[in-house]
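Hi there,

Here is the structure I promised to pass on.

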Amino acid sequence: MSGVEHQIAIEVRDVVKRFGDHAAVNQVSFRVRQGEFISLLGPSGCGKTTLLRMLGGLEMPDQGTILLSGADVTRIPAYGRNTNMIFQQLALFPHMDVYKNIAYGLKMKGTSKGEIRKSVERVLELVQLPGFGTRKVSQLSGGQAQRIAIARALINQPQVLLLDEPLSALDAQLRLDMQRELKRIQRESGTTFIFVTHDQEEAMNVSDRIGVMRDGVMLQYGTPDEIYERPADRFVAKFIGDTNLLPSRVLGHEGDLTIVETAGEAITVHIGQGQQPSSLRDQGHISIRYEYVRIGSEAEGLRNRLTGVIRDVRYGGTMLRYTIEPDGVSEFPQLTAHVPHFPGKPRFSPGETVTIGWEPQDAVFFI
Ligand SMILES: Nc1ncnc2c1ncn2[C@@H]1O[C@H](COP(=O)(O)OP(=O)(O)OP(=O)(O)O)[C@@H](O)[C@H]1O
Ligand SMILES: [Mg+2]
């Protein structure tokens, strides 16, 4: 690996953007390495587009600093930066053919005709649409139009490509294909990608790291594994994947682990990333992913165990989905367990009492 791959392409420090008295982006900080694929993920209105526009120089922050390759570009407008943006509403020029659409940026820069021809051919190869130069924009499928938009954005060889929900208009299958395509194009071109989506599965599929946003704040920034296995708070835990959230109370600490009371039992768990070590008696929740919950003999010998009654079983092909009511605690949420299944494996029935268990590292506590 060359040193270049470890260089910091983007550094965002304490950036704030207000519209009136509403902070659309509030004290956001993160770093992106050269050649990384980063997703900004969060519900509608959380500030993803605003943050992306500030990275591209289309919006100026009210506070904070943005560095590109170590240089402060906070006050430098879009045309002075080596970034390129693909907008939420795809905007190819409908009256130009594909070739002219892609060539546009270089033509504006006064690049020679021969250079332009070579570059257009190169990016058409990259998006796997060679020979599409003479097509009209109206003769492209949705996925092809997206790829042409990407080709047009890559022709200037930007250091960073900013993509605002480029796949949201595509149907499910094409979307999956395009996710793979984007990854391939990103790897082959070596460009740093900042990709906005509100689809958690899409973010997990394509990203080296994900920034999870809510109400202008970046709640967590980490690899897909970190975010899934060690969510920083309840919102992240629920937004990414399915999880059981059980009310809990801190009893004490044991090294890295915390002992909490859940459903009348002492349970050993991790503390959520970025959470203060909790004081005694703090009320909060533990999060346990559905597939981390073991039941019956598979739960024997695990450090954390409860008993409960099976209330419902659903067959899901490769797994069974059990709904379980923990014993002896009124108004306690029911637990869901996803248990791997294969033909012939015995299953539990509604009404049966079972042991429920999980390992300390599979549960996270947050206030
Ligand atoms: N030019 C503007 N003037 C005033 N308010 C704005 C402006 N642009 C965005 N906002 C507000 O800032 C907040 C963040 O908007 P933004 O477009 O960044 O959200 P988003 O995460 O991209 O949402 P979506 O997923 O719907 O695209 C919203 O509350 C929005 O109404
Ligand atoms: Mg947006």
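**Around the ligand**

Ligand 1 sits among Phe19, Ala24, Gly42, Ser44, Gly45, Cys46, Gly47, Lys48, Thr49, Thr50 and His198. Please keep in mind that this is a predicted model. By class, the shell around ligand 1 holds 7 polar residues, 3 nonpolar ones and 1 charged one. Helix H1, which covers residues 48-55, is the element that gives the most to this shell, with 3 residues.

**The sheet and its helices**

Next comes an open sheet of 6 strands with mixed pairing, in the order E6-E7-E8-E3-E9-E10. Its edges are strand E6 (83-86) and strand E10 (217-222), each of which pairs on one side only. On average, neighbouring strands of this sheet are turned by 15° against each other, direction ignored.

Within the sheet, strand E7 (residues 160-164) and strand E8 (residues 192-197) run parallel and are joined by 5 bridges. As an entry point for your viewer, Val160 stands opposite Thr192 in E8.

**Two residues with positive phi**

Ser69 is not a glycine, yet its phi is positive, at about 45°. Ser69 lies in the loop between strand E4 (63-68) and strand E5 (71-72). Is Ser69 buried or exposed, or something in between? Ser69 counts as partly exposed, because it has 15 C-beta neighbours inside 10 Å.

The other one is Ala263, with a positive phi near 50°. Ala263 is found in the loop between strand E12 (257-262) and strand E13 (265-271). These two strands form a hairpin with 2 residues between them, and Ala263 is in the turn. E12 and E13 pair in the antiparallel sense over 5 bridges, and Thr262 has Glu265 in E13 as its bridge partner. Ala263 has 20 C-beta neighbours inside 10 Å and therefore counts as buried.

**Arg234**

Arg234 lies in helix H8 (residues 234-239). Because it has 18 C-beta neighbours inside 10 Å, Arg234 counts as partly exposed. Which residues does Arg234 contact, leaving aside its neighbours within four places in sequence? They are Leu245, His285 and Phe366. Arg234 and Gly284 are 50 residues apart in sequence, while their C-alpha atoms are 9.5 Å apart in space.

The chain has a mean pLDDT of 90, and 95% of its residues reach 70 or more. Residues 1-5 have a pLDDT below 50, and this stretch has 3 contacts in the model beyond near neighbours in sequence. Where pLDDT is low, the predicted coordinates should not be read in detail.

Best wishes, and happy browsing!

Note on methods. Residues are numbered from 1 along each chain as its sequence is written. Chains are lettered from A and ligands numbered from 1 in the order in which they are written. This is a predicted model: local features need pLDDT of at least 70, side-chain atom pairs count only at pLDDT 80 or more; totals for chains, interfaces and linings use all residues. A residue is near a molecule or strand if its C-beta atom, placed from the backbone, lies within 6 Å of it. Helices (H or I, at least four residues) and strands (E, at least two) are DSSP runs, numbered from the N terminus. Ala, Val, Leu, Ile, Met, Phe, Trp, Tyr, Cys and Pro count as nonpolar, Asp, Glu, Lys and Arg as charged, and the others, Gly among them, as polar. Two strands pair if DSSP finds at least two bridges between them. Axes are lines fitted to C-alpha atoms, for helices over the stretch in contact, and angles run from 0 to 180 degrees between N-to-C directions. pLDDT is the predictor's confidence in each residue, from 0 to 100. Two residues are in contact if their C-beta atoms, placed from the backbone, lie within 7 Å. A residue is buried if 20 or more other C-beta atoms lie within 10 Å of its own, exposed if 12 or fewer, and partly exposed in between; C-beta atoms are placed from the backbone.
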